[in-house]
Amino acid sequence: MEVEGSSKKMIATQEEMVEAKVPLAYRDQCAHLLIPLNKCRQSEFYLPWKCEDERHVYEKCEYELVMERLLKMQKIREQEDKIKQQKKQGIPLIPNTANV
């Protein structure tokens, strides 16, 4: 399943996420990593020093998604700024041919 505007593909299916009771807010391209992390957390009674590898992989995936969105937003803002600058130039009030 391809997500528009992202380089990562959805690996976990809707059925898998529903079965694992993944909240809607967490159903993104990293959900396939959250499912085993949550299973590990439940089996280890949410001890913070357990499941570190799974947590690190999941958090790295989320970080990469955020950075990807930030870069896209930066490109969009740069394009908008270029358009604004082009509109500002428009017609000059004093022509270049005038010797002022």
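## Buried glutamine, nonpolar core and disulfides

At 8% relative accessibility, Gln 29 counts as buried; the word buried stands for under 20% relative accessible area, exposed for over 50%, and partly exposed for anything in between (1.4 Å probe, protein chains only). This is a predicted model, in which local features need pLDDT of at least 70 and side-chain atom pairs count only at pLDDT 80 or more, while totals for chains, interfaces and linings use all residues. Residues are numbered from 1 along each chain as its sequence is written, and side-chain values use heavy atoms, with hydrogens and water left out.

Gln 29 sits in the loop between H1 and H2. Helices (H or I, at least four residues) and strands (E, at least two) are DSSP runs, numbered from the N terminus. Not counting residues up to four places away in sequence, Gln 29 touches Val 3, Ser 6, Lys 8, Lys 9, Met 10, Cys 61 and Leu 65. A contact means heavy atoms within 4.5 Å.

### The core

The largest nonpolar core has 15 residues, and Met 17 and Tyr 58 have the most contacts inside it. Helix H2 (31–43) and helix H3 (52–89) each supply at least two residues of this core. The largest share, six residues, comes from H2. A nonpolar core is a set of buried Ala, Val, Leu, Ile, Met, Phe, Trp, Tyr and Cys residues joined through side-chain atoms within 4.5 Å. Leaving aside residues up to four places away in sequence, Tyr 58 touches Tyr 26, Cys 30, Leu 33, Leu 34 and Leu 37.

### The disulfides

Searching the whole structure gives two disulfides, a disulfide being a pair of cysteine sulfur atoms within 2.5 Å.

| Disulfide | S to S distance |
|---|---|
| Cys 30 and Cys 61 | 1.9 Å |
| Cys 40 and Cys 51 | 1.8 Å |

Cys 40 lies in helix H2 and Cys 51 in the loop between H2 and H3, so this pair ties together parts that are 11 residues apart in sequence. Both Cys 40 and Cys 51 are buried. The torsion about their S-S bond is about -90 degrees, so the disulfide of Cys 40 and Cys 51 is left-handed.

The link of Cys 30 and Cys 61 is left-handed, with -90 degrees about the S-S bond. Because Cys 30 lies in the loop between helix H1 (14–19) and H2 and Cys 61 in helix H3, the pair ties together parts that are 31 residues apart in sequence. Cys 30 and Cys 61 are buried.

With the bonded cysteines of the chain numbered in sequence order, the pairing is 1-4, 2-3.
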